[in-house]
Amino acid sequence: MNPAFAIQNTSNLPHNVGMKSKEARQTPAIQVLERMFALLDVLASHQDPVSLKALSEATGLHPSTAHRILNDLTLGRFVDRPEAGSYRLGMRMLELGNLVKARLDVRDAALPAMRELHKFTHQPVNLSVRQGDEIVYIERTYSERSGMQVVRAVGGRAPLHLTSVGKLFLSGDDSSRVRAYATRTGLSGHTRNSLTDIGALERELATVRQRGIARDDEELELGVRCMAAGIYDDQSKLVAGLSISAPADRLEESWVVRLKETAAQISAALGYRA
């Protein structure tokens, strides 16, 4: 969802806030967000820590106002305070930037290979990433011939334990993290096939680790089965999952080899070396 924006005239704003023209520009409708963006822009333009005084002058904000916003940004780790009265961008910015980079890169690397896999199977091929306790579908290739009536749209979410890709990510967690996930989510089910018992889930994850393939046997949606293989980056980190979805009676075991090969191809494009 895109945030709401309002058109405002910026002629009364300080020149050094970063205006590139005298024309009206889009600014956030919430004033504190506009001020926060201005502070982050100034910090981003400096390699060294910036004093509160310099930030106040550059943004046109009163020092007390800038101080309050910077304090909140520090709490969220978006800004660091290496010493009293000076600020720089925080590690949270790097973490989020790396997440965005990984997701953009994996989509670009994956799409051509996904199309080829779809041509081979004639069934939907999905690219998903983990976001907290869910997976998020970020790309999909499919055609009307697949016969799939119930599909997960790009941007859709689903619980980790009910999906093939989600199980890939859970299989990389240690036992304590898996049990913590089970406690947080309650392992709620969507169908009669859903794994709602921690023991059953742990046995399933052990199989995933052994075979390098995860499955969804009508656990998220009745009539739909999936198989998934992991995609890894240049740091050997699991960054996404590639899955084939099909009507339950059309998913072919022979696709496993091609699925693994395609996932390996995408991983290699991201710099992964087995």
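Biologist: Which residues does S243 touch, leaving out those up to four places away in sequence?
Modeller: P124, V125, N126, S164, V165, M227 and A228, with contact meaning heavy atoms within 4.5 Å. Keep in mind that this is a predicted model, where local features need pLDDT of at least 70, side-chain atom pairs need 80 or more, and totals for chains, interfaces and linings use all residues. Numbering runs from 1 along each chain as its sequence is written, and side-chain values use heavy atoms, without hydrogens or water.

Biologist: Is S243 buried or exposed?
Modeller: S243 counts as buried because its relative accessibility is 4% (buried is under 20%, exposed over 50%, partly exposed in between, with a 1.4 Å probe and protein chains only).

Biologist: And which strand does S243 lie in?
Modeller: Strand 11, residues 238-247. Strands (E, at least two residues) and helices (H or I, at least four) are DSSP runs numbered from the N terminus.

Biologist: Switching topic: at what angle do the axes of helix 1 and helix 3 cross?
Modeller: Roughly 80°, and the axes come within 10 Å. Axes are lines fitted to C-alpha atoms, for helices over the stretch in contact, with angles from 0 to 180 degrees between N-to-C directions.
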